[in-house]
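Here is a brisk report on one structure.

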Amino acid sequence: MAFKETAAVEGSDVFYKVNPAAKRYTLRDNGFTETNSGNFQLIRSLDATPQSKEGFKLKITVSKDLQTLKMSVTTANGLKSMNIFKNEKHIMSQEKFYFLMDGMISRGVFEKV
């Protein structure tokens with residue numbers, strides 16, 4: 001998956017972009033870690049119980065120039081991309097996804113497009 005100016009997870013119709021005012025420390029303060037290549041990555045569980053090792057994970061990677069990003073929802077082991085919006089039994093995961101993204105928007109990390 002390549003970096004793009006705007007991104008959305010599979011099945012979602014809401015696109016996000018990096019807030020132009022976001023800085024490196026903004027990402028770090030919000031849970032992103034710097035990878036060996038200089039990009040910033042966030043991995044959050046979308047499961048109802050945080051201690052559970054099952055369920056889905058939200059993966060967001062922001063490029064080191066803070067201009068582009070990529071995002072996906074994966075299986076618990078992170079190997080397969082999933083569409084949590086095609087099945088009604090994943091309503092809790094959908095709500096948690098939007099909750100996490102709204103929090104990032106309010107903290108100045110992302111913007112809705």
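## Cavity and core

The count comes to one cavity of 30 Å³ or more. A cavity here is a set of points on a 1 Å grid, over the protein atoms alone, where a 1.4 Å probe fits but cannot get out. This is a predicted model, with residues numbered from 1 along each chain as its sequence is written. Local features need pLDDT of at least 70, side-chain atom pairs count only at pLDDT 80 or more, totals for chains, interfaces and linings use all residues, and side-chain values use heavy atoms, with hydrogens and water left out.

The largest cavity holds about 30 Å³ of space, a volume taken as the space filled by probe spheres set on grid points joined across faces, edges and corners. Its lining consists of L42, R44, L58, I60, L100, M101 and M104; lining residues have an atom within 4 Å of a point. β3 (40-45), β4 and α2 each give two or more residues to this lining. Helices (H or I, at least four residues) and strands (E, at least two) are DSSP runs, numbered from the N terminus. The largest share of the lining, three residues, comes from α2. Six lining residues are nonpolar, none is polar and one is charged.

The largest nonpolar core has 26 residues; F32, I60, V62, M71, F97 and F110 touch the most other members. Such a core is a set of buried Ala, Val, Leu, Ile, Met, Phe, Trp, Tyr and Cys residues joined through side-chain atoms within 4.5 Å. The elements giving two or more residues to this core are β1 (16-18), β3, β4, β5 and α2. Leaving aside neighbours within four places in sequence, F110 is in contact (heavy atoms within 4.5 Å) with K17, V18, N19, F32, I60, V62, L69, M101, M104 and I105.

T68 and Q94 both count as buried, because each falls under 20% relative accessible area (1.4 Å probe, protein chains only).

| Residue | Place | Relative accessible area |

What does the side chain of T68 make a polar contact with? The partner is the side chain of S63, at 2.9 Å. A polar contact is a pair of N or O atoms within 3.5 Å; within protein, one must be able to donate a hydrogen and the other to accept it, and residues adjacent in sequence count only if both atoms are side-chain atoms. Not counting residues up to four places away in sequence, T68 touches F3, K4, E5, V18, T61, V62 and S63.

The side chain of Q94 reaches the backbone oxygen of I84 at 2.7 Å. With residues up to four places away in sequence not counted, Q94 touches I84, F85 and N87.

Definitions and conventions:
Buried means under 20% relative accessible area, exposed over 50%, partly exposed in between (1.4 Å probe, protein chains only). On a 1 Å grid over the protein atoms alone, a cavity is a set of points where a 1.4 Å probe fits but cannot get out, and a pocket is an open set with protein on both sides within 12 Å along at least five of seven lines; lining residues have an atom within 4 Å of a point. Ala, Val, Leu, Ile, Met, Phe, Trp, Tyr, Cys and Pro count as nonpolar, Asp, Glu, Lys and Arg as charged, and the others, Gly among them, as polar.
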